[in-house]
Amino acid sequence: MAKQRKIKVLLAGGGTGGHMYPLIAVAEELQKQCAGVGEVDIRYFGDPGMYRGEFEKQGIRVTHITTSKIRNYFSAQNILDVFRFMLSIPQSLWKIFFFMPHV
């Protein structure tokens, strides 16, 4: 009998339903496909916002990473987001390094 593998999958995307629901659909299909092969550990890296409950309902673990965005208008948030962006790069690399996803 072959040893079952633990397959690690990392998901990432923007904060809108146009990005989140396709990720959830992909995760559902991966869970179906991997049911006979081995355990699948699916994690979302980023800020899930209001979709956290949807991810958890599907068995997708959430790893929070600081997020930022560029606004097309003047806002003090643009200045703060430069620092958030600079923080998010090493933060994401650190967390990805310890998760070591296959996909």
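Biologist: Is Ile 79 buried or exposed?
Modeller: Ile 79 is exposed, with a relative accessible area of 52%; exposed means over 50%, buried under 20%, and partly exposed in between (1.4 Å probe, protein chains only). This is a predicted model, where local features need pLDDT of at least 70, side-chain atom pairs count only at pLDDT 80 or more, and totals for chains, interfaces and linings use all residues. Residues are numbered from 1 along each chain as its sequence is written, and side-chain values use heavy atoms, with hydrogens and water left out.

Biologist: Ok, and where does Ile 79 lie?
Modeller: In helix α3; helices are DSSP runs of H or I, at least four residues, strands are E runs of at least two, and both are numbered from the N terminus.

Biologist: What about Ser 88, buried or exposed?
Modeller: Ser 88 is also found in helix α3, but counts as buried because its relative accessibility is 11%.

Biologist: Which residues does Ser 88 touch?
Modeller: Leaving out residues up to four places away in sequence, Ile 65 and Thr 66; contact means heavy atoms within 4.5 Å.

Biologist: Switching topic: what's phi doing at Met 100?
Modeller: Phi there is near 50 degrees, a positive value in a residue other than glycine. Met 100 lies in the segment after α3 (76–99) and is partly exposed, at 47% relative accessibility.

Biologist: And which residues does Phe 55 touch?
Modeller: With residues up to four places away in sequence not counted, Phe 55 touches Met 20, Leu 23, Ile 24, Tyr 44, Pro 48, Ile 60 and Val 62.
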